[in-house]
Amino acid sequence: MSTTWPPWTSPLAPNLKRGHILAPFTTLKIGGPAEWYFAAETADQLVLAITTARAAGVPVTLLGDGSNVLISDLGIKGLVVHNRACQIERRGDHLYSESGALLSDLVNRSRHEGLTGLEFASGIYGTVGGAVFGNAGAYGRAMSDILSAAEVLTDEGERRSVAPSEFEFAYRLSASGRKRWVILSSEVALQSGSRDAIGAEIDRIIAIRATKLPADLPSAGSYFMNIEDPKAEHGKIPAGQLLEAIGSKSMRVGGAGVYERHANVIVNLGGATAADVLALARQMADAVRERYGIELRSEVRFLGEPLDWQSVRRV
Ligand SMILES: Cc1cc2nc3c(=O)[nH]c(=O)nc-3n(C[C@H](O)[C@H](O)[C@H](O)COP(=O)(O)OP(=O)(O)OC[C@H]3O[C@@H](n4cnc5c(N)ncnc54)[C@H](O)[C@@H]3O)c2cc1C
C-alpha cells in the first residue's frame, strides 16, 4: 500500500476503522473483517473516501445494505465503504434519492406523496444504489422501468450525470459493474395517484412476500437467477422450480440450509460460514446440471478474499 494510506490528515480519518467485522452489515449475517472500513453519510463523503483510497492504490469495495452479497470468511482487503447517504427528495412527480437510501424508504415516501409506479419494489431489501446496480425487480417490473436520471462516480474519478440507457439494463444486471461506476444518486419517474390505492397495493405485496421469504432467518433472498428462456411463461424458468424438483429443501451444509418454504433461498440456520454457503450452492447447482443440463448462475455476489471452500465440511 502507498505511504499516503491511511489518510490520517483527511476528514475521513476519525471514522476510518481497521479490521471491522462485516457480518452484521449483511442480511446473511456472514463475513469476516474489512481491512479498512468507512461509513459514508453523504454522497460527498462517498466520493471523498473512494477517490482518496484509489489515489493511494487501495482497492475499494462498496457495500450497500448487504442484501445481495456473500462476504468471504477471510474478509475484504483494502477499504470497504458502507453507503449510508440516504437523503430523499420529491421533485415534481419524480423521487430523487442518494444511493444509500433504502428502497423500502423510497417506497414509503412514494406512498406518503401519493406517487404510483414503485409499488412493485415493496419488500425488496437493499439500497437504491444496490437496486440500480443489479436492476432489482419483482412481478415483471424492475428499476430499469422507472429510472429517469442518475449521477455516478466513474472509474476515472469524474462525477457525471448519466442517462438510464447508459446502464444497459438487463435481467438483474446493469453495466455499472463492468464500467466500475459508483452510483451516487438517482431519480425515478412516477405518476400521481390515489394514496389509498398505492398503500393498499404496497400492503398487498408485502403480505404476499411475507408468506414466501424468511423474515426470521438471515438470507440474501433468491440465491440463483431465473433462467431466461423465450419458450417459458414470462420468458423465464424459475430457478426455484428446478431446485424444488431436485429436492434442494432437504440440503444443508454446516450452518447453511435451504429455506423450507422456498427452494431457491439459502438461509443461515446459525453459525453458517461463507464456505458453508458456497458448498451448499455448489451442491444445488450440481444437482440441477446433472438432472436438466442447465447451469444456474448466482444472483448473490461473492465479495472478498477467495476461499478454499471445496475442502470444507459436507454434512
Ligand atoms: C429477503 C430478501 C428478498 C429479496 N428479494 C428480491 C427481489 O424480489 N428482487 C430483487 O431484485 N432482489 C431481491 N433481493 C436481493 C436484494 O434485495 C437486491 O439485490 C438489492 O437491490 C441489493 O441492494 P443492496 O444495497 O443490499 O446491495 P449490496 O448487497 O450491498 O451490494 C450488491 C452489489 O451492488 C454493489 N453496489 C451496491 N451499491 C452500489 C452503488 N451505489 N454503486 C455501485 N455499486 C453498488 C455492491 O458493490 C455489490 O457488488 C432480496 C434480498 C433479500 C434479503
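Predicted model: local features only at pLDDT ≥ 70, side-chain atom pairs only at ≥ 80, totals over all residues.
Two strands pair if DSSP finds at least two bridges between them.

**Strand E13 and its neighbours**
- Strand E13 spans residues 182–189 and is mostly covered, with 7 of its 8 residues buried.
- Strand E11 (residues 147–153) runs antiparallel to E13, and 6 bridges join the two.
- Within that topic, alanine 150 has serine 186 in E13 as its bridge partner.
- Strand E7 (residues 94–98) also pairs with E13 in the antiparallel sense, over 5 bridges.
- Here leucine 95 finds its bridge partner in valine 188 of E13.

**Salt bridges around arginine 159**
- The whole structure holds 18 salt bridges.
- In one of them, the side chains of arginine 159 and aspartate 44 meet at 2.8 Å, N to O.
- This pair links distant parts of the chain, 115 residues apart: arginine 159 sits in strand E12 (residues 159–162) and aspartate 44 in helix H1 (residues 43–55).
- Arginine 159 counts as partly exposed because its relative accessibility is 36%, while aspartate 44, at 52%, counts as exposed.
- Arginine 159 also forms a salt bridge with glutamate 151, their closest N and O atoms being 3.0 Å apart.

**A link between lysine 77 and glutamate 305**
- The side chains of lysine 77 and glutamate 305 meet in a salt bridge of 3.6 Å, N to O.
- Lysine 77 lies in strand E5 (residues 76–83) and glutamate 305 in the segment after strand E21 (301–303), so the pair ties together parts 228 residues apart in sequence.
- Glutamate 305 is partly exposed, with a relative accessible area of 24%.

Note on methods: Residues numbered from 1 in each chain as written. Heavy atoms only, no water. Buried < 20%, exposed > 50% of the residue type's maximum accessible area, 1.4 Å probe, protein only. Helix = DSSP H or I, 4+ residues; strand = E, 2+ residues; numbered from the N terminus. Salt bridge = Lys/Arg side-chain N within 4 Å of Asp/Glu carboxyl O.
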